[in-house]
Amino acid sequence: MAKDTEEKREQTTSFNVLIVVVSLAFIWLILPYYGAILWATILAILFQPLQVRLTTLFRGHRSIAAIVSVLACICIVVLPGSALLAALAQQATDLYNTINRREFDPATILQQLRSALPVRLDQWLSSLDFTQFSDLQSRLTSFLETATQTIARRAYSVGQGTAQFAVATGVMLYLLFFLFRDGPAVAATIRRASPLSDHHTDRLLRAFVAVVKATVKGNLIIAVIQGGIGGLTFWALGVKASLFWGVLMTVLSLLPAVGAALVWLPVAIYMLVTGDFMRGIILMVIGFGVISLIDNLLRPTLVGKSTRLPDYVVLISTLGGLSILGVNGFVLGPLIAALFFAVWKLYINDRTARQNNLPG
């Protein structure tokens, strides 16, 4: 009897090891296209209400409904995104060439700013212990040159992987069709395969869906609106590469306590200091009166309080995700953080419940 029990334990252990090894091998196999899988999952979650309505409309024909849902995603997300990417790559190229031709000279800009300062402030800056103010100017100039060239190069490189981008998009749309068609069956399989209890599995799946909706539908829409208004304002005011700066403001708007002001505020200050008062005032009014208020007006409606993480957690997790995972990190970073909090909340609740059930 003991021998049979030991043999059964060894078989169970071996099978569990096999599951882990095969699972890791499968993850390694699909890792090059994890971005396509991620965005297919995100789009399937966001457009699931449309899929449900279309399934009802087509009298239960889920395949036809899935085809129409995929076509809707192509028209709403893929085509506009591709057009924006192409225009962004072109403007990034123009900006990069402008920097190389020295048409954008940070040293000249700093000198203009300094010459526009009051005499006493200029004397005070010169008296600071930086060895010489020129040393500070050269350091700032070097920093600005490096930063602008880095931004331009990275944006320019986006358009270089066209073939890989096309393949990833095809994989995403192909997988998206099956997620639309077989979504409920996939979710049921995940519940059955999960080693966790049904209660914990359901809670984590709900947290995953809620965070995806909050991150993409809420944060991304708000960031796109802020960046769009900023980019249109730059275009109306005649600022070069307005689309590029608008996209940069969109990315920065995803970060709490940072925001699009890192782009439009220095430009507005430069306009005011150099005597371009009309454009500077207009940019200030739109920046403070519209762009900065959008977050407070829209976030409670689009994101909601139940799925919101503390701003410092969102900032750190988003920056960490972007630095490690690239553009996909702005979703995966907050998602991992939210699941971290959800798991620990479940643990604390279960532990509290067990302690309350103990005899006194």
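## Starting with exposure

A residue counts as buried under 20% relative accessible area, as exposed over 50%, and as partly exposed in between, using a 1.4 Å probe and protein chains only. By that scale Arg59 is exposed, at 78% relative accessibility. This residue sits in the loop between H3 and helix H4 (62-100). Arg59 also has a phi near 55 degrees, which is a positive value in a residue other than glycine.

Before going further, a word on the model: it is predicted, so local features need pLDDT of at least 70 and side-chain atom pairs count only at pLDDT 80 or more, while totals for chains, interfaces and linings use all residues. Residues are numbered from 1 along each chain as its sequence is written, and side-chain values use heavy atoms, with hydrogens and water left out.

## The overall fold

How many helices and strands does the protein have? The secondary structure comes to 14 helices and 0 strands. These elements are DSSP runs numbered from the N terminus, with helices (H or I) of at least four residues and strands (E) of at least two. Read from the N terminus on, the elements run α-α-α-α-α-α-α-α-α-α-α-α-α-α.

Of the 360 residues in the protein, buried ones make up 31%. Ser82 and Ala166 are 84 residues apart along the chain, and their C-alpha atoms are separated by 9.9 Å.

## Salt bridges

A salt bridge here is a side-chain nitrogen of Lys or Arg within 4 Å of a carboxyl oxygen of Asp or Glu. By this rule there are 3 salt bridges. Let us begin with the pair Arg191 and Asp202, whose closest N and O atoms are 2.8 Å apart. Arg191 lies in helix H8 (residues 162-193) and Asp202 in helix H9 (residues 198-236), so the pair ties together parts that are 11 residues apart in sequence. Arg191 is partly exposed, with a relative accessible area of 37%, and Asp202 is partly exposed too, at 25%.

Another salt bridge joins the side chains of Arg181 and Asp182, at 3.0 Å from N to O. Arg181 has a relative accessible area of 28%, which makes this residue partly exposed, and Asp182 is partly exposed at 26%. The side chains of Asp276 and Arg279 also meet in a salt bridge, with 2.5 Å from N to O. Here Asp276 is partly exposed at 25% and Arg279 is partly exposed at 29%.

## Spaces inside and at the surface

Rolling a probe the size of a water molecule over the atoms shows where empty space is left. On a 1 Å grid over the protein atoms alone, a cavity is a set of points where a 1.4 Å probe fits but cannot get out, while a pocket is an open set with protein on both sides within 12 Å along at least five of seven lines; lining residues have an atom within 4 Å of a point. Grid points are joined across faces, edges and corners, and a volume is the space filled by probe spheres set on the points.

The count comes to 1 cavity of 30 Å³ or more. The largest cavity has a volume of about 50 Å³. Which residues line the largest cavity? They are Thr215, Asn219, Leu254, Val314, Thr318, Phe330 and Pro334. H9, helix H13 (311-325) and helix H14 (329-357) each supply at least two residues of this lining. The lining divides into 4 nonpolar, 3 polar and no charged residues, where Ala, Val, Leu, Ile, Met, Phe, Trp, Tyr, Cys and Pro count as nonpolar, Asp, Glu, Lys and Arg as charged, and the others, Gly among them, as polar.

The second largest pocket holds about 1,200 Å³ of space. Of its 29 lining residues, the closest to the centre are Thr41, Ile45, Ile190, Leu205 and Phe208. Two or more lining residues come from each of helix H1 (2-30), helix H2 (34-46), helix H3 (48-57), H8, H9 and H14. This lining divides into 22 nonpolar, 4 polar and 3 charged residues.

## A nonpolar patch

Phe340, Phe341, Val343, Trp344, Tyr347 and Ile348 form a nonpolar patch on the surface, with about 600 Å² of accessible area together. Patches are made of residues with over 30% relative accessible area and no salt bridge; like charges are joined within 9 Å, and nonpolar side chains (Val, Leu, Ile, Met, Phe, Trp, Tyr) within 5 Å. Accessible areas come from the Shrake-Rupley method with a 1.4 Å probe, and for residues only the protein chains shown count as cover. One of the patch residues, Ile348, has its place in helix H14 and is partly exposed, with a relative accessible area of 48%.
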